[in-house]
Every structure is written in structure tokens, then in C-alpha cells.
Amino acid sequence: MSEPAKTVFSHVVAATAGGGLVSLLRTRTIVALILLLLAFVAGIELARPGTVNAVWVSNMMLFAAPLGIIAAGQTLVMLTGGIDLSVASVGTASAYVMATHSGLGVAPAVLYGLAVGFAVGLINGIGIALLRVQPLVMTLGTGLMTEGMLVVYSQKKIGEAPRVPQLIEDLGAGKLLGSIPNDLLLWGPIAIAIIFVLRRTGFGRLLYAIGDNREACKLAGIRVWRILLVNYVTCSLLAATAGLVIVGGTDSAELSLADVYLLPSVAAVIIGGTSIFGGRGGYSGTIIGALILTVLNSILTLLDVPESVRQILYGAIILLLAAAYTRLTD
Amino acid sequence: MTTSTEGKSSVTPVAGTASKMRLLTRLRRSLWRSPALFFMPALLFVSLATTVGVHPQFSDFDLQSLAMGALPLAFAAAAQTVVVISGGIDLSVGSAMAVANVLAASTMEKASFGQSLLLAVAVLIIGAAIGALNGLIVVLSRIPDVVATLTSGFIWGGVALVILEKPGGGAPQEFLNLGTGTLFTSWLPNALVLVVTAVGAIWIPLSRSRLGLQLYAVGSDRIAAFRSGVKINRTRFAAYIFSGLFSAVGGLGLTMTTGIGAPLAGVYYTLSGLAAVVVGGVSLAGGRGGMLGPVMAAFVLTLIPTDLIFLNIDPNFGQVIQGTLIVTIVMIGGFVDMARNRK
């Protein structure tokens, strides 16, 4: 477990409380999340019998993967008490730059896309880690910069139409053997790597430690700035990767491609139980959070209501979930 | 903490004792304490001078379009400022503006001038109600304000789309004139008058009231404020109401200057308004800054794309410059803070 001390403590609390359902959910919030996810799936099946089958599950995974990847970066950043509001712009820019370089071949094009993520992440990291700008302001600023640069770039590049390479299309929309989404094959290793890093490596533990008390880390001789710098670069690289998956799914590089992912990327992390103030949470919760949001989206699509009403319901349910979660764990 | 009175320190004269020497020391001291107070007018002056410099035929018409462009942004900045001073953040400002904008444009289309003014009052009340709901969500749900308002902003965006699906609607010409016309001379645009009077009429009494002081106190140090008997939740709630009110004025301004309602037009103003707040010297940590800085910053941020057009540079670089400006100014602020703490 990522926080042994806290877990032991909460077990004691649970034991003294009598071990009811609520205290079980309180100590093992991941159980609550999984139950919620199952409830959502059951809801769909009840409303439209026959919807939930292998194809549906595989589609959900396909749609959840980009959100899961973009929210992975957000989780890392939030564990240190930060936030990254530039992930959506980075995803869009990465996809667009990749698409305009597809003439060079897939590998160089992908590298160009990821380079965008690296550059923005580096600027974020330098500003936040070295110059101590608040993460909200810094990433807001770099998000605006990235967006503006992208618009200028798209106008300069008018001769070379953006084209999504076949391999990226396969990654974002294809399925292996007709059932396993290809992007799950990318998300899976990323997820395992992140959970491993958070639970089993010094870097992961330092992320929790910095989120808990940055000053104490500094006094303990940790070079906080290095950890944060690496962390923000990783977050942007993950956002850039997600952008590539997203553009593979839609097959057209637009200038507002990943905008819709900003709110879900934050919401998945919060619903997944990572505190925005840092030091508490983990990626496994975020994975369930991303799945819950994807299934929620699917429910709202089935409801057959106008886009505007969907937007209202989506926001309202996120608020309810986040509020319930905050109540449960406080 | 001296921070809560900083914004006022250079305004309130110390009774009688101010000799010329004292004045100079005091000027230097307040420059040291809140550089934004001097930095902003300077920045505004420089960007205006640049505009006139590269575009010598700067006319009354240019001034009018500048004021019209800055009108919605100034109110977005004002809305954000109140919440930021109280130590919070409101990422739903743009969507609240969009709701006010489409509400006004869809109801005023066939109204007379008198009716449209009544409708404007109704929109202001609804704006305050939206702010109140945001405040309730933040205070009651205990979800961090960034996440709560990001999500509620998403909801208000949906509400704006429900009210008006596509850009359309309108308002009587006399009403539009409040934002597009001029007063007395063609060098005094109504938009400028509207910004100064509306922000002044709400902010000056507010900042001098008990509630105003409480806003600064809560933003400066929540625990200290609580121990001094300030009702934290009520104060934060009030800040969001004022944010909703200012957003509604901004939405009305958007209706006046564009002549229509557009459900997606407001989105832009959340981030740009926050940019104006940061550039205007209001600390995102709360409790520090005033209203003058962000409103002036709104004009500077509006001038930048105009200057770029005159300089024959792609105006889309405006957003890049905005982003750079935010980051640079916060860094400078950080260095000033560091230097001050070291002293």
C-alpha cells in the first residue's frame, strides 16, 4: 500500500466503528468506486437490456484509454499538490504537429508530437519547480501560449494539410483480433508503470512526500525541484501521448481536439480519490474514475437528449460524485 | 498582517503630518509594498504609447473600439478579482457571462428600451443567483474551489446552450448604444464610462464596508480571520455572489458590443479574465491587490492584439504574449516577494 501508516490507522478506526459498510467504504475507497462503476453498468443494462456485451465493454475501454492516459499525468501532478491546466492544449498541439509531419513517416512524426509535450512540460517544470510560480498560473499561461502558437503554426502550415497516419489511426480506433482495443495495449503498460513507480520506487514516494509537506522534504535534503521538473515533463508527455491517441480516434486534427478532455482529466483524478492538495491518492483510483466518466458519457448518449442537457447532467453528476467522495473520506 | 490594508495605504492620507519628505518616503514605501499600483498605469501608458507610436493616426474611433473590446474583459477580471482576493478562484466566470449574454439577447430582441433596462436588471439578479449557487457548491460540498467552479462552469455552459442554441437574438438600439456610443465628445466612449461607473459603484462601497475588509481578511489568513470572529463561509459565499454579479454585467456588455447572444462567446473570458487579474497584481494566494490593477490590465490585454496588427505581426501571437505576460509577471512578483522577505 502506498500509505502504510494511514491505512493501518484507518483499519483501527474501522474496527472500533464496528466494521459496517460505510466504514469499509471509507477505508477501502477503491471498493466504493468499483461498486459505483458496477452500479452505472447495471443501470445501463436495466435501461436498455442487451447493451452490455463484449463489444460494448471493449468500446468503453477504447474510449477510456485517452482519458486514462491524460489523467495519469494529472494524477502525478496533483499528488504533489499541483494542477496542470495545459494538458488539453498540449494534447491538441501534439496531435496537430504530428499530423503535419506525417509526410516524414510515422516515427519522426510521433517524435515531433511528443517533442511539443516535452517542451511545454519543461517550461512548466522550470517555472513551477525553479521559479516557484503557482502551478495553476504557470500552466494557465503555458496553455494560452501553446494554443496561440498552434493557431499561428496552423496558418503558416496552410500548404501542408494535416494527415493522420494509418498506424496512429489503428492505435486510436483499431482493435486487436476484433475485440481488444489497441489503445488499451498502450494504456495498460503505462498504467502498470505508473502504479509501480508510485508504490515501489523512491521517486513515487517522494511525490507523496512533496505533496504532503514540501518544506519538510527540502529540509530533509531532497532536491524538490528535480522531482517536480521530471514530474511536469512526464505529465506533459503523457498529455501529448493522449493527444496522439485521441487524434487517431477522430482521424482529423482540429485546433480544439482535446479541449473536451480538460474537465474529465481533473474530474477522473478527483473522483478517483486523489487530493488536489497533494499527498493522498493514487493512480488505481484514477483508472476507475476514468472508466466511471466514460460509462457516464455512454449513459448520457443513450438518453438521447440534446448536447446542452448532456453537458448539464454530466457536470452535475461530477459535482455530486466529487461531493460524495469528499464527504466519505473527510 | 499588513496585507489587508495594502491596497488602501497609498490612498488614505495620514492626517496632516505629510510634509514633502514624508510624501516621498511614503511613495517609495507603497511602491515597495504593492508595485502593481504603479506598474499597471505604467504598463497601460506604455502599451497606449506603443499603439499611438506605430499608428500615429490613432483616432477617436480607435479609442472607442478599444473600450468596446475591453468592456467584457474588464468585468470578467472584476468578477475574478473579488473571489481571488477572498482566497478562492472562480473558473466559471466565462460561462456565467455567456448565460447573461444569451439571456439578454434572447429576451430583449423585441423589447422597448425601457423594457430592456428592466430585463437587464433581471439578468443582473440571475447573475448574482448563479454566483450564489457557485458559492453554495464551493462552501457546502467542500470540493476544492478549482474543481468545483471548473465543473459548475461546464454546467453553466450547458445552460447557455439550452437558452440559445445558435448565436442570435438582439437588443434595442438604445440599449446597444450604452456600450457602443459615446458621451459628450467622441473621445469618451460609453463603454469606458460604463466600466468605470459600474465597477466603481459596486467595488468602492464594497471595499470600504465591513464585508470588504472581511474578504481581505479571509483571503489573507483564513485561520486568523476565523479567530477574529469573521464568518469564513459566509464571506466566501458573498465573494461568489459579487463574482456572479460582475459576470452578469460583463455578459450584458457582451450583448451591447456584439449586438447578439452567442452561447460559446463567454468561454474565452474565464482564462483571459484570470490573466488580467494576475497581470493586475492581485495575488492568487489571496488577500492582496485591488480592483484598479485588473481593470487596467484588461485594457492592456485588449491593446496587445491591436498593436500586433498595426505592427504587421500575426495577431494570434496575442495569446502567446498574454501567456508569457502572465508567467513573467508572476515570476517578477515572486522575486519581489523573496527580496522583501529577505530584508
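Modeller: Two residues are taken to be in contact if their C-beta atoms, placed from the backbone, lie within 7 Å. Please also keep in mind throughout that this is a predicted model.

Biologist: Which residues does B:Gly168 touch, not counting residues up to four places away in sequence?

Modeller: B:Gly168 sits in the loop that runs between helix H7 (145-163) and helix H8 (173-180) of chain B. Once residues up to four places away in sequence are set aside, the residues that B:Gly168 touches are B:Ile260 and B:Gly261.

Biologist: Is B:Gly168 buried, exposed or partly exposed?

Modeller: A residue needs 20 or more other C-beta atoms within 10 Å to be buried, and 12 or fewer to be exposed. Because B:Gly168 has 14 other C-beta atoms within 10 Å, its class is partly exposed.

Biologist: What distance separates the C-alpha atoms of B:Gly168 and B:Phe299?

Modeller: These two residues of chain B are 131 residues apart along the chain. In the model, the separation of the C-alpha atoms of B:Gly168 and B:Phe299 is 27 Å.

Biologist: How many helices and strands does the secondary structure of chain B come to, and what share of its contacts with a separation of 6 or more is between residues 24 or more positions apart?

Modeller: The secondary structure of chain B comes to 15 helices and zero strands, and 52% of its 343 residues count as buried. Among the contacts in chain B with a separation of 6 or more, the share that belongs to residues 24 or more positions apart is 79%.

Biologist: Are H4(B) and H9(B) roughly parallel or roughly antiparallel?

Modeller: Helix H4 (residues 60-85) and helix H9 (residues 190-208) of chain B pack with their axes 8 Å apart and at an angle of about 15°. Angles under 35 degrees count as roughly parallel, and therefore the arrangement of H4(B) and H9(B) is roughly parallel.

Biologist: Which classes do the residues of the contact of H4(B) with H9(B) divide into?

Modeller: H4(B) passes H9(B) in a left-handed crossing. On the H4(B) side the contact is made by B:Ala67, B:Met68, B:Leu71, B:Ala74 and B:Ala78, and on the H9(B) side by B:Ala191, B:Leu192, B:Leu194, B:Val195 and B:Val199. By class, the residues of this contact divide into no polar, no charged and ten nonpolar.

Biologist: What gives the most to the largest nonpolar core?

Modeller: The largest nonpolar core has 203 residues, and those with the most contacts inside it include B:Ala74, B:Ala77 and B:Ala298. With 16 residues, the element that gives the most to this core is H4(B).

Biologist: Which residues is B:Ala298 in contact with, leaving aside its neighbours within four places in sequence?

Modeller: B:Ala298 is among the residues with the most contacts inside the largest nonpolar core. Leaving aside neighbours within four places in sequence, the contacts of B:Ala298 are B:Ala70, B:Leu73, B:Ala74, B:Ala77 and B:Ala276.

Biologist: Where does the largest share of the side of chain A that touches chain B come from?

Modeller: The contact takes 38 residues from chain A and 36 residues from chain B. On the side of chain A, helix H7 (135-156), helix H13 (262-271) and helix H15 (307-329) each supply at least two residues. The largest share, 14 residues, comes from H7(A).

Biologist: Which residues is A:Ile30 in contact with, leaving aside its neighbours within four places in sequence?

Modeller: A:Ile30 lies in helix H3 (residues 29-47) of chain A, and it counts as partly exposed because it has 15 C-beta neighbours inside 10 Å. Leaving aside neighbours within four places in sequence, the contacts of A:Ile30 are A:Ser284, A:Gly285 and A:Ile288.

Biologist: What angle do H3(A) and H14(A) pack at?

Modeller: H3(A) passes H14(A) in a left-handed crossing. The axes of H3(A) and H14(A) are 10 Å apart, and the packing angle is about 20°.

Biologist: What is the phi of A:Asp304?

Modeller: Most residues other than glycine have a negative phi. A:Asp304, in the loop between helix H14 (283-303) and H15 of chain A, is exposed, with 7 other C-beta atoms within 10 Å. Although A:Asp304 is not a glycine, its phi is positive, at about 60°.

Note on methods:
Residues numbered from 1 in each chain as written. Chains lettered and ligands numbered in written order. Predicted model: local features only at pLDDT ≥ 70, side-chain atom pairs only at ≥ 80, totals over all residues. Axes fitted to C-alpha atoms, helices over the stretch in contact; angles between N-to-C directions. Helix = DSSP H or I, 4+ residues; strand = E, 2+ residues; numbered from the N terminus. Parallel < 35°, antiparallel > 145°, perpendicular 65-115°, else oblique. Left-handed = near helix turned anticlockwise from the far one by under 90°. Nonpolar A, V, L, I, M, F, W, Y, C, P; charged D, E, K, R; others polar. Core = buried A, V, L, I, M, F, W, Y, C linked by C-beta atoms within 7 Å.
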